[in-house]
Amino acid sequence: MAFQIGSALLDACVLAVVERRDVYGYELTAQMRNVIDVSESTLYPVLRRLQKEEYVLTYDSPINGRNRRYYTITAAGRQQLENYRADWESYRSGIDSLMKGETTENA
Amino acid sequence: MRKEEFLKRLEQHLVMDEPEKEEVLRYYSEYIEEAGPDNEEKVIEEIGSPEEVGTRLSAEFREEGKGNDGTWAVDFDEMIRDFSASVEKFAKKAWETAGNAVNAFGDRLGEEWKKSEPARSDAASDWNRTMQEVKKTTEKVLQGTKETAKKGMDEARKAFASLRDILEDATVPYEFAEFDLPPFHRVKVFVKNCPVVLHPSVDGKYGADVRLYLRREDEVSVTVEDDTLIVHSTASSGIGRMTGSATGFGGQAAEIYLPEGVYEAVEITTTNARIDAAGLRLADAEVKLKTGNAKIKLVNCRFGGSLQAETGNAAIEVEEVTTPAAVMYTVNAPIHVTGGSIDALNAETSNGAVNVTDCAVASKLTAETANGPVRLKMDGPAENYRVTADTSNSAVFVDGRRMGPHYEAPGRVPVRANTGNARIELSFLRPEPDEVQTEE
């Protein structure tokens, strides 16, 4: 796979996963890995960043005598995700046209 | 490499504020634990070298930190995090905590804002603008969270009220009380959400006093047939728990009265409720007690056959009990065995202590737990016991002397003690100084 994923796009992807349902770190890494080859060390700073920007919150849920920290999306996070989705749509269709060799005179 | 070593080496390579470091270590600790103990080494190998991870995260942190007053950013995060964490919990508590936190946060925000005054007037104007925006967004978040917490609590109250109404309409109190039953030599009790108490009968008569809340009459049957007392109820009667009483069960209980004598088997099964027995004398009996999320407590009993006690998330307490063989099993709670005489004892839990004190063990003792101490005070001298004691993250202490994580001693009666993240304390009977002298 030749293409690197930029940090804004990573943020968007993680937000999209968390929006579906609350996840914990290990679960998020597994789900992201179904699609792109990322490490948990790549994802940790994303989660940190999303927390700092108040797009996600965390809460703890004890299970089997140990702790699990869940990430959940906030109202601000949903708003940002919508913005990301719009950005992604125009970005994606632009790249698509280019790759398919379509004319981009008015792109 | 194991988790502890990975985390230690990772910490050494983290260059960031202490709270940030804690977060990183916590994330990785939980991540590794999620994989399960069998996969620990493998998942750590997948994560990679702790040095590389640490260096990489430190670089990220430096990048993020640019253009920010580092101290302020960290405190801010912590306050938001603490506040958010409390709001997510139970509705009522969250509301109270949230209320206090909102006030505290508002005060703190005001203070920090005031404190940054000199820095602000010196700094560039866009720093001012940034702080204004931060304050605005924070207020929006706080307001939103406050509203969510209040809504959550109102919904919870409504749901609880309607559920309670449904259950109250639907259940009927039931009582079977008979204190002169035909004699029986077997007992089989199967109930739910109902505490069971076994009493020694003082007048030599057999009795049963069963009080439950039912939805249908046919949910329970109490009979003596085939030489067996059968108390069988499929009623789960949550209403019993919700109306509350001293037992927390609105008076639900199954109380059995057993005179001293010969019994073949006593089998008690319940859920979410205690099993208590005191003063029983049951010759030959194989006693099986099973519940969950509630304590099993036995005091001054003699079971001629054997004892099996199983529960979860609650303690097992056995005092002055005599039986040839006992197996005790629970999780997330301690097991306490004091006095009495149990020839072969097997006590197993996790996340809880195992304490066996002054119990006469003649053929075998096994005490197992994972995150809790094992304390065995044996009622004989050390030479009687063939000891194998293992702990992974602590040490074995014998009569107060620290040994190592693994200790073995020769003897006759095998005593096995196993734990993970805690100590093992063994103590034995010392011969009296007088006795030693008179033997000479």
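Helices (H or I, at least four residues) and strands (E, at least two) are DSSP runs, numbered from the N terminus. The model is predicted, so local features need pLDDT of at least 70 and side-chain atom pairs count only at pLDDT 80 or more, while totals for chains, interfaces and linings use all residues. Residues are numbered from 1 along each chain as its sequence is written, and chains are lettered from A and ligands numbered from 1 in the order in which they are written.

**Exercise 1. Describe the make-up of chain A and of chain B.**

Step 1. Chain A has four helices and three strands. Read from the N terminus, its elements follow the pattern α-β-α-α-β-β-α. Chain B holds ten helices and 26 strands.

Step 2. Take burial next. A residue is buried if 20 or more other C-beta atoms lie within 10 Å of its own, exposed if 12 or fewer, and partly exposed in between, with C-beta atoms placed from the backbone. In chain A, 28% of the 107 residues count as buried. In chain B, buried residues make up 28% of the 440 residues.

Step 3. Turn to contacts, which join two residues whose C-beta atoms, placed from the backbone, lie within 7 Å. Among contacts in chain A between residues at least 6 apart in sequence, 50% join residues at least 24 apart. In chain B, residues 24 or more positions apart account for 47% of the contacts with a separation of 6 or more.

**Exercise 2. Work out the strand order of the sheet in chain A.**

Step 1. Two strands pair if DSSP finds at least two bridges between them. The three strands of chain A form an open sheet in the order E1-E3-E2, with antiparallel pairing.

Step 2. E1 and E2 of chain A each have a single partner strand and stand at the edges, so one side of each has no neighbour in the sheet.

Step 3. E2(A) and E3(A) run antiparallel and are joined by eight bridges. Within this pair, A:Ser61 has A:Arg68 in E3(A) as its bridge partner.

Step 4. H1(A) packs on the sheet and touches E1, E2 and E3 of chain A; the direction of H1(A) makes about 105 degrees with that of E3(A). Axes are lines fitted to C-alpha atoms, for helices over the stretch in contact, and angles run from 0 to 180 degrees between N-to-C directions.

**Exercise 3. Check the length of helix H1(A) and describe its packing.**

Step 1. The expected span of a helix is 1.5 Å times one less than its number of residues. Helix H1 (residues 7–20) of chain A has 14 residues and should span 20 Å; its end C-alpha atoms are 20 Å apart, which agrees.

Step 2. The buried residues of H1(A) are A:Asp11, A:Ala12, A:Cys13, A:Val14, A:Leu15 and A:Val18. Their packing partners in chain A are strands E1 (23–24), E2 (56–63) and E3 (66–73) and helices H2 (25–33), H3 (40–52) and H4 (75–99).

Step 3. H1(A) packs against H2(A) at an angle of about 115 degrees, with their axes 11 Å apart. That makes H1(A) roughly perpendicular to H2(A), given that angles under 35 degrees count as roughly parallel, over 145 as roughly antiparallel, 65 to 115 as roughly perpendicular and the rest as oblique.

Step 4. On the H1(A) side, the contact is made by A:Cys13, A:Val14 and A:Val17, and on the H2(A) side by A:Leu28, A:Gln31 and A:Met32.
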